[in-house]
Amino acid sequence: MILRFLRYASTNCERRRISIVGSGPSGFYTAYRLLTKCEVPLHVTMWEKLPVPFGLSRYGVAPDHPEVKNCEDTFTACAEEFSRPGQKHLFEFIGGVTVGEQVTLSELIDKQDAVVLSYGCTGDKKLGIPGENDTKGVFSSREFVNWYNGHPEYANDPRFVNFDWSRVKNVGIIGNGNVALDLTRALISNQIGELWDGTDISPIALKCLRQAPVEHIRLIARRDFDHSKFTNKELRELWELERYGIYGKIDPQYFREDAYDLRSIKDRAFRRRVEMCSEYLKPFDQRTKKNYKKFAPQPSAQSPPKTWELDYLKTPVRINSDGSGYITSLTLCRNSITEDNKICQLKDQQVTYNLDLLITSLGYAAKPLAEFQKLGIQFEKGRLANAAGRVLDSHGATFPGLYASGWIRTGSAGVIASTMMGAFEVADSILQDLSSLPAKQTGRIDFSHLRHTTWPDWRSINRKELQQGEQEGKTRVKFLSSEEMLSFHKQSPA
Ligand SMILES: Cc1cc2nc3c(=O)[nH]c(=O)nc-3n(C[C@H](O)[C@H](O)[C@H](O)COP(=O)(O)OP(=O)(O)OC[C@H]3O[C@@H](n4cnc5c(N)ncnc54)[C@H](O)[C@@H]3O)c2cc1C
Ligand SMILES: NC(=O)c1ccc[n+]([C@@H]2O[C@H](COP(=O)([O-])OP(=O)(O)OC[C@H]3O[C@@H](n4cnc5c(N)ncnc54)[C@H](OP(=O)(O)O)[C@@H]3O)[C@@H](O)[C@H]2O)c1
């Protein structure tokens, strides 16, 4: 062991240095691949703007889907193994430091042999309609998800905490991707203790949401049923809420079983979706497939029962509010859709839905760092321009030593498994290039003056959150502010 340490200590000066910006799934899977495959010794530094790691695994994935967060076990094992001294490779986590603000990208590029941008999508896609930015009770999915997951920048946001949740009966959600389905589940089923009490949902959010007497949630898509964005597993979870007296609806003008011939549908997932909706829309005793009769629907605890509805072929036009600035309704126009999936807005055919809460769930937006322009880095179509993860400059040539991984590379599409595959491809590009990238000898990046967390700090924060969770019968109880996290680790060494 000592010999091994000495051997690698002596090669320390030959270590290649790689910085990774962002500690979400893409940052960690890139690090994992590099650290497990690289033949020359590496020093991988991961910079994270929050004091804690894991990005959307911690602050995106729905609290009632804890199994999805199992990827964090792989990330933890990787960090633990390579944080130990005497390893061929070194891994260092620096939390609470924003690249582009407290440490510049230029400095990383100057001092590191390679830099991987994996900072995800930090903004919102927008509808661009009147009322979207200044109406009380209108939120983006990113804001809402961050809030209910206890993200330190949102957990105590007054726009949520001071909102009058007791007025929320009718909810509109624009978009029908899986995030819209996560939000529908959270809003419609939060009073069912067995679904939420044991989760790590922010207790502040859960308390607010439980004040909302939600009756109806409408998921509004601009396209038709056939072009729905959700996946079957997530849709099924919504239908299965009938066992708690919560029911789903689709207007027959948008979906009718007899409009489809199941045997002629080639796409298996789509065939299953049609079958699922056909079956669940029937009364329980008329369903023909056992698969959809696992749990008998229960009578609703309230009258009218809570319902969610898939709504189609409408584009929002205007958000309407009352004298106090609260949302009252949403005006939309109807759409038709061409065979090649183009939307035609029928501007003279408008409908208005009375709403007490509106969430725009259009996907997250990637944002360029301010330095990109000065450095001549190409950012277009909502992502970093790249070839196999190699970032391109404004002339379309590769920017030596700069890489993009995850949602900043692809835009906000893809699950953790596809993010992992993409991250592996990027790491492989780096491994191919490394020997031809110049070794920079300009020294260490000085962050000692910045308040920050290290991997051992995260270890103690994590332990505290899990202990608190155990005491309260929850998976974990998160710290809800950066200040709490930054000061906690100082008192409790790992
Ligand atoms: C609401 C939601 C739920 C999801 N649920 C699932 C699911 O159930 N199953 C599934 O497979 N996939 C799910 N996904 C998809 C999955 O989360 C993504 O595929 C994955 O997180 C993308 O990883 P990433 O590392 O590119 O981005 P992120 O996870 O966003 O990580 C980016 C990290 O960079 C940090 N960062 C940002 N700016 C800076 C900066 N300037 N300096 C330093 N650090 C910075 C951020 O704080 C963050 O930690 C979900 C996505 C969302 C939005
Ligand atoms: N359980 C899970 O596995 C899980 C959970 C959450 C998220 N995720 C993944 O995370 C990724 C992001 O999910 P997401 O739901 O945020 O995004 P998404 O799947 O891209 O869905 C976005 C929705 O917004 C609509 N939309 C976009 N712009 C619009 C506009 N201007 N006007 C009206 N509608 C608009 C889209 O409609 P069009 O289709 O018409 O563009 C679509 O319905 C996806 O890959 C998703 O699968 C997975």
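User: Which strand do five bridges join to β8, and what makes the two a pair?
Analyst: Five bridges join β8 to β10 (residues 306-311), and the two run parallel. Two strands pair if DSSP finds at least two bridges between them, so β8 and β10 qualify. Strands here are DSSP runs of E with at least two residues, numbered from the N terminus. This is a predicted model, where local features need pLDDT of at least 70, side-chain atom pairs count only at pLDDT 80 or more, and totals for chains, interfaces and linings use all residues. Residues are numbered from 1 along each chain as its sequence is written, and side-chain values use heavy atoms, without hydrogens and water.

User: What makes β8 largely enclosed by the rest of the structure?
Analyst: Five of the five residues of β8 (residues 216-220) are buried, so the strand is largely enclosed. H216, R218 and I220 point one way, I217 and L219 the other way, and all are buried.

User: Why is E48 called buried?
Analyst: Buried means under 20% relative accessible area, with exposed over 50% and partly exposed in between (1.4 Å probe, protein chains only). E48 has 9%, so it is buried.

User: How do you know what E48 touches?
Analyst: Contact means heavy atoms within 4.5 Å. Not counting residues up to four places away in sequence, E48 touches residues including G22, F93 and V97.

User: What makes V99 buried, and where is V99 placed?
Analyst: V99 has a relative accessible area of 8%, so it counts as buried too. V99 is in the loop between β3 (90-95) and α5 (105-111).

Key. Chains lettered and ligands numbered in written order. Helix = DSSP H or I, 4+ residues; strand = E, 2+ residues; numbered from the N terminus.
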